[in-house]
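These are my notebook entries on a protein chain. I looked up its surface, its core, its contacts and its salt bridges in turn.

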Amino acid sequence: MIETGLRHTSEMTVTEDVTARRIGSGDMEVLATPAMMALMENAAMLAVAPHLPEGCTTVGGHIASSHLRPTPLGDTITATATVTKADGKKIEFKVEAHCGDTLLGEGTHLRFIVNRNKFLTKIL
């Protein structure tokens with residue numbers, strides 16, 4: 001059972017692979033918004049992973065986040081996801097990203113619990 005309050009923090013260093021220029025979401029050598037949001041999703045996935053039934057995982061359904069400040073190459077960022085609501089297979093999270101004490105972005109994320117094998121049968 002998934003309980004409110006479960007949380008996890010994921011971390012990454014800003015490298016060329018996660019810049020706006022490399023990902024294509026912009027043309028500067030700063031952390032790309034999609035990369036920040038992916039780290040938020042990773043934190044949410046890992047927050048609940050140990051509490052899932054055998055053979056299950058979670059998949060993202062929606063994410064909404066601000067991106068407030070640029071982050072240069074070499075800086076380390078963290079993303080924290082906290083379960084705010086769990087209703088059956090639907091899990092809602094508060095997500096936020098920081099570089100040290102500086103808030104980079106915050107928002108909400110929705111994930112769904114799925115059976116891995118059953119989910120993969122739906123691939124087109």
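This is a predicted model: local features need pLDDT of at least 70, side-chain atom pairs count only at pLDDT 80 or more; totals for chains, interfaces and linings use all residues.

**Entry 1. A surface patch**

Phe 119, Leu 120 and Ile 123 make a nonpolar surface patch of about 310 Å². I then located Phe 119, which lies in helix 3 (residues 116-120). With a relative accessible area of 38%, Phe 119 is partly exposed, because that class runs between 20% and 50%.

**Entry 2. Helix 2**

I turned next to helix 2, which has 16 residues. From its first C-alpha to its last it reaches 24 Å, close to the 22 Å expected at 1.5 Å a residue. I listed the buried residues of helix 2: Ala 35, Met 36, Met 37, Leu 39, Met 40, Ala 43, Ala 44, Ala 47 and Val 48. What covers these buried residues? The cover includes strand 1 (7-13), helix 1, strand 2 (56-65), strand 3 (76-87), strand 4 and strand 5 (102-115).

I noted a rule that helps in reading such a list: an α-helix has 3.6 residues a turn, so residues three or four places apart point the same way.

I took Ala 43 as one example from helix 2. Ala 43 counts as buried at 0% relative accessibility. Leaving aside neighbours within four places in sequence, I found Ala 43 in contact with His 8, Ser 10, Ala 79, Thr 80 and Ala 81. I also looked up the separation of Ala 43 and His 109: they are 66 residues apart in sequence and 11 Å apart in space, C-alpha to C-alpha.

**Entry 3. The nonpolar core**

Which residues of the largest nonpolar core touch the most other members? Of its 30 residues, they are Ile 2, Leu 31, Val 48, Ile 77 and Phe 93. Helix 2, strand 3, strand 4 and strand 5 are the elements that give two or more residues to this core. The largest share, nine residues, comes from helix 2. As a general point, nonpolar side chains tend to be buried together in soluble globular proteins.

Not counting residues up to four places away in sequence, Leu 31 touches Met 12, Val 14, Val 18, Ala 20, Met 36, His 67, Thr 71, Ile 77 and Leu 104.

Met 12, one of these contacts, is found in strand 1. Met 12 counts as buried, at 18% relative accessibility, because the limit for that class is under 20%. Beyond four places in sequence, the residues that Met 12 touches are Val 18, Leu 31, Ala 35, Leu 39, Asp 75, Thr 76 and Ile 77. The C-alpha atoms of Met 12 and Ala 79 are 8.8 Å apart, although 67 residues separate the two along the chain.

Apart from residues up to four places away in sequence, Ala 32 touches Val 18, Thr 19, Ala 20, Ile 23, Ser 25 and His 67. For Ala 32 and Val 18, 14 residues apart along the chain, I recorded a C-alpha separation of 6.0 Å.

**Entry 4. Salt bridges**

How many salt bridges does the structure hold? It holds five.

The side chains of Arg 22 and Asp 17 meet in one of them, at 2.6 Å from N to O. Arg 22 is partly exposed, with a relative accessible area of 47%. I found that Glu 16, Asp 17 and Arg 22 are linked in a network of salt bridges.

Arg 111 and Glu 41 also meet through their side chains in a salt bridge (3.3 Å, N to O). Arg 111 lies in strand 5 and Glu 41 in helix 2, so this pair ties together parts that are 70 residues apart in sequence. Arg 111 counts as buried at 5% relative accessibility, whereas Glu 41 counts as partly exposed at 27%.

Lys 94 and Glu 96 meet in a salt bridge of 3.5 Å, N to O. Lys 94 is partly exposed, with a relative accessible area of 40%, while Glu 96 counts as buried at 19%. Glu 96 has its place in strand 4 (residues 90-99). Setting aside residues up to four places away in sequence, Glu 96 touches Met 40, Thr 78, Ala 79, Thr 80, Leu 103, Gly 105 and Glu 106.

Note on methods: Residues are numbered from 1 along each chain as its sequence is written. Side-chain values use heavy atoms; hydrogens and water are left out. Contact means heavy atoms within 4.5 Å. Helices (H or I, at least four residues) and strands (E, at least two) are DSSP runs, numbered from the N terminus. Patches are made of residues with over 30% relative accessible area and no salt bridge: like charges are joined within 9 Å, nonpolar side chains (Val, Leu, Ile, Met, Phe, Trp, Tyr) within 5 Å. Accessible areas come from the Shrake-Rupley method with a 1.4 Å probe; for residues, only the protein chains shown count as cover. A salt bridge is a side-chain nitrogen of Lys or Arg within 4 Å of a carboxyl oxygen of Asp or Glu. Buried means under 20% relative accessible area, exposed over 50%, partly exposed in between (1.4 Å probe, protein chains only). The expected span of a helix is 1.5 Å times one less than its number of residues. A nonpolar core is a set of buried Ala, Val, Leu, Ile, Met, Phe, Trp, Tyr and Cys residues joined through side-chain atoms within 4.5 Å.
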